[in-house]
Amino acid sequence: MLVLKFGGTSVGSAENINNVISILEEKSKQSKLVCVVSAVGGITDKLLKAGLLAQQKNESYLSIFKEVKTIHFNIIDELIPNKSDSISEHLESKFNGLKSLLDGIYLINELSPKTTDKLVSYGELLSSYLITRTMQSRKMDVELKNSQDLIVTNSNFTKAEVNYNLTNERIGSYFKNVRQHITILPGFISKSAQGEVTTLGRGGSDFTAAIVAASLNVKQLEIWTDVSGMYTANPKMVKQAYPIENLSYQEAMELSHFGAKVLYPPTVQPVLDLNIPIHIKNTLDPDAVGTIISQKGNGKTSPAKGISNINYIALLTLQGSGMVGIPGFSKRLFETLANEKINIILITQSSSEHSICFGIDDKDAERAKTAIDATFENEISLHKIDPILVENELAIIALVGDHMKNHQGISGRMFSSLGKNNINIRAIAQGASERNISAVIKETDVKKALNTLHEAFFEGNIKQLNVFITGVGNVGEKLVEQIKQQRKFLKDHLKLNLRVIGLSNSRTMIFEENGLSLKDWKEQLSAGNEASLQRFMDEIKRLNLRNSIFVDITANEEVSKFYADYLKQNIAVVACNKIACSSSYDNYQELKYLSKKYSAPFLFETNVGAGLPIIDTLNHLIASGDTITSIQAVLSGSLNFVFNNFNDSTKFYDVVKQAQTEGYTEPDPRIDLSGVDVARKILILARESGTKLNLEDIENESFLTKANLESNSVDDFYKTLTADEQHFQALYASAKSKNCQLKYVAEFSDGKAKVGLREIPQGHPFYNLKGKDNIVMFYTHRYPEQPMIIKGAGAGADVTASGLFADIIRAGNR
């Protein structure tokens with residue numbers, strides 16, 4: 001014989017009931033069945049609501065009564081279109097009884113626990129009748145048996161305790177003589193020895209099934225619900241969560257206690273005592289494997305099996321020097337809570353005995369504080385202990401697994417993963433069995449914490465990176481395309497799952513929590529919401545995703561002012577924008593400090609040399625103990641392009657215009673040609689070398705004329721270039737006469753830096769620098785004569801995008 005239980009969702013509609021019937025029909029070919037059913041989904045809550053309204057003299061209880069009646073008649077009409085009069089008469093009789101009960105509650109203003117049990121019992125009585133009559137109409141060998149005739153309890157209404165001797169005797173006697181192949185039992189309901197209607201409390205239908213299964217000592221109890229077993233985490237919060245095929249009883253109980261709603265631990269105790277396996281199955285997907293819960297689990301040694309959580313937690317702390325070495329504080333504390341009927345969910349105590357910390361349901365917090373402060377009123381008045389401290393809006397997350405005690409480093413891995421994502425832990429609890437490691441965190445961090453831990457323990461070390469990009473012009477467009485092209489490679493080879501969550505340009509912005517489709521991102525962005533730097537950051541904070549990375553591909557000072565706020569939220573910053581790192585030295589240092597404090601990478605490789613590994617190489621030299629003595633560099637791909645293409649047969653205006661058209665200069669070419677951009681770059685290299693410098697400390701020997709520098713707009717600037725053509729031709733002629741090339745050079749030595757146009761002689765490493773290339777020469781203690789040279793394309797959308805991409809990957813690997 002098999003015992004199957006179907007929950008409220010499984011019998012929540014005619015369609016679902018048909019699924020249940022199909023399952024029973026198939027199972028009955030192999031064995032006799034006992035089928036325990038819950039009330040139709042949502043009906044128990046509606047009955048309770050109707051009862052409360054009736055008690056409050058609110059006539060809207062009648063509307064709920066009509067709604068309940070309509071739901072059941074609609075279901076039976078769909079299941080049995082041509083139903084007999086006897087079915088309608090039976091249902092009418094039941095609803096007349098329900099209506100009379102509600103009217104009575106309304107008249108006498110009373111809804112006692114005893115009346116409540118009688119009221120909610122209608123849910124299971126109605127659903128079991130609908131299912132039985134439907135199956136009988138389809139010529140199936142099925143009978144309905146009222147569980148109230150089998151399960152005997154005391155008179156503790158709403159949560160009655162079972163009299164197992166009488167109950168087992170009745171179950172054994174009834175099923176010994178059954179002839180039908182399928183027996184339908186309403187779950188949850190029972191009767192006292194005096195014949196009063198009682199119910200079995202929360203999870204009561206599971207309890208009914210477990211009682212029957214244990215009494216008949218069946219081989220397996222099947223619990224059918226709307227999910228395919230117990231998951232590694234809540235699938236509504238963790239998209240990558242998957243069903244666990246095998247669990248031990250202890251693992252299942254731990255996960256259920258900490259929020260997994262598939263099982264309510266106390267209700268399945270009868271089958272646990274007899275080591276009867278429980279198989280969790282999905283009514284909506286009967287072929288799914290589900291989860292088998294048994295004494296031994298699966299025998300495998302995977303350390304963690306699942307993560308669970310409980311929200312709405314308050315953390316209370318009793319502390320004071322007067323507690324140290326004094327026995328009885330814990331006893332008085334927990335007696336006080338027990339007297340108030342307040343359940344303790346988590347307890348932790350410092351080894352110094354200076355404090356006791358415990359977690360309870362948030363709704364009980366004020367009552368607990370009042371009671372505890374009263375109990376310890378004398379000690380508080382003498383300042384031996386402090387008034388109880390209450391922290392609200394918290395949650396508990398728990399990592400569960402039988403084999404965690406046999407694996408070193410599980411706790412370290414758990415807390416390291418949380419810490420790297422700026423998830424602050426308020427309290428920790430771990431039993432001696434090491435089957436459960438629990439932590440109290442902010443409720444707003446729950447989703448991020450669950451996803452972080454799931455990634456660390458259940459996703460084959462694949463790390464999800466959540467990227468937010470502002471500034472999707474030429475470079476940004478190339479970056480998005482590179483990400484789209486390389487996503488599979490990153491996942492397969494680097495174990496990185498890179499998702500673009502948010503995009504913004506100067507006009508609009510878009511977000512998609514599960515990752516934007518990069519096939520049509522331009523169309524999505526054009527139809528996005530109005531762009532705002534503040535709202536962009538607010539949305540990133542609201543989403544609160546793990547491993548978040550903000551990418552700035554603008555030249556906007558306002559964007560750079562948000563870096564500190566991002567870093568404080570443990571959001572990595574990848575910047576193409578040079579303004580922050582070339583701003584005041586104090587601001588630069590503050591950003592570096594925040595990056596370390598909040599474990600949020602702050603990377604800006606593309607500030608110098610686009611995609612060339614200049615800053616990375618410099619950092620490795622410093623980290624390995626080398627010292628930079630001097631730097632010589634051509635750092636402007638724009639200026640190198642200009643002077644490589646300018647000669648006595650071209651006009652300076654035309655070459656600059658070409659450079660702007662091909663994207664080698666900023667929209668305002670004055671930024672490049674004034675030398676300010678190069679000054680910022682050598683400043684950043686000097687700072688990364690360990691020197692305190694500000695932009696005004698750098699000597700800028702401009703090659704532009706006074707008229708160029710004083711131009712009020714880009715158009716005016718171009719007019720002055722035309723007017724001053726002779727000046728630029730003179731610069732070229734001077735270099736040509738000495739067989740030299742014009743290069744705009746940045747230099748750093750002895751703590752000082754300067755930038756300016758130089759005539760480079762033949763044979764110098766800078767002489768043959770072509771196109772938009774950059775070159776940097778590092779002279780160090782280890783490279784005193786032959787410098788370390790880095791050379792390559794220093795401008796262009798593709799190479800700049802690749803540099804940003806490399807920084808994103810670097811941030812993800814930290």
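Student: What volume does the largest cavity have?
Tutor: This is a predicted model, where local features need pLDDT of at least 70, side-chain atom pairs count only at pLDDT 80 or more, and totals for chains, interfaces and linings use all residues. Residues are numbered from 1 along each chain as its sequence is written, and side-chain values use heavy atoms, leaving out hydrogens and water. A cavity is a set of points on a 1 Å grid over the protein atoms alone where a 1.4 Å probe fits but cannot get out, and volume is the space filled by probe spheres set on those points, joined across faces, edges and corners. For the largest cavity, that comes to about 140 Å³.

Student: Which helix gives the largest share of the lining of that cavity?
Tutor: Lining residues have an atom within 4 Å of a cavity point, and there are 14 of them here, with Lys-447 and Asn-451 among those nearest the centre. Helices are DSSP runs (H or I, at least four residues), numbered from the N terminus. The largest share, 3 residues, belongs to helix 14.

Student: Is Ser-417 buried or exposed?
Tutor: Ser-417 sits in helix 13, and a polar atom of its side chain lies 2.8 Å from the backbone oxygen of Arg-413. Buried means under 20% relative accessible area and exposed over 50% (1.4 Å probe, protein chains only). At 14%, Ser-417 is therefore buried.

Student: How many of the 13 residues of helix 25 are buried?
Tutor: Helix 25 covers residues 676-688, and its buried residues include Asp-677, Lys-681 and Arg-687. The helix is largely enclosed by the rest of the structure, because the buried count is 11.

Technical notes: Helices (H or I, at least four residues) and strands (E, at least two) are DSSP runs, numbered from the N terminus. A polar contact is a pair of N or O atoms within 3.5 Å; within protein, one must be able to donate a hydrogen and the other to accept it, and residues adjacent in sequence count only if both atoms are side-chain atoms. On a 1 Å grid over the protein atoms alone, a cavity is a set of points where a 1.4 Å probe fits but cannot get out, and a pocket is an open set with protein on both sides within 12 Å along at least five of seven lines; lining residues have an atom within 4 Å of a point. The expected span of a helix is 1.5 Å times one less than its number of residues.
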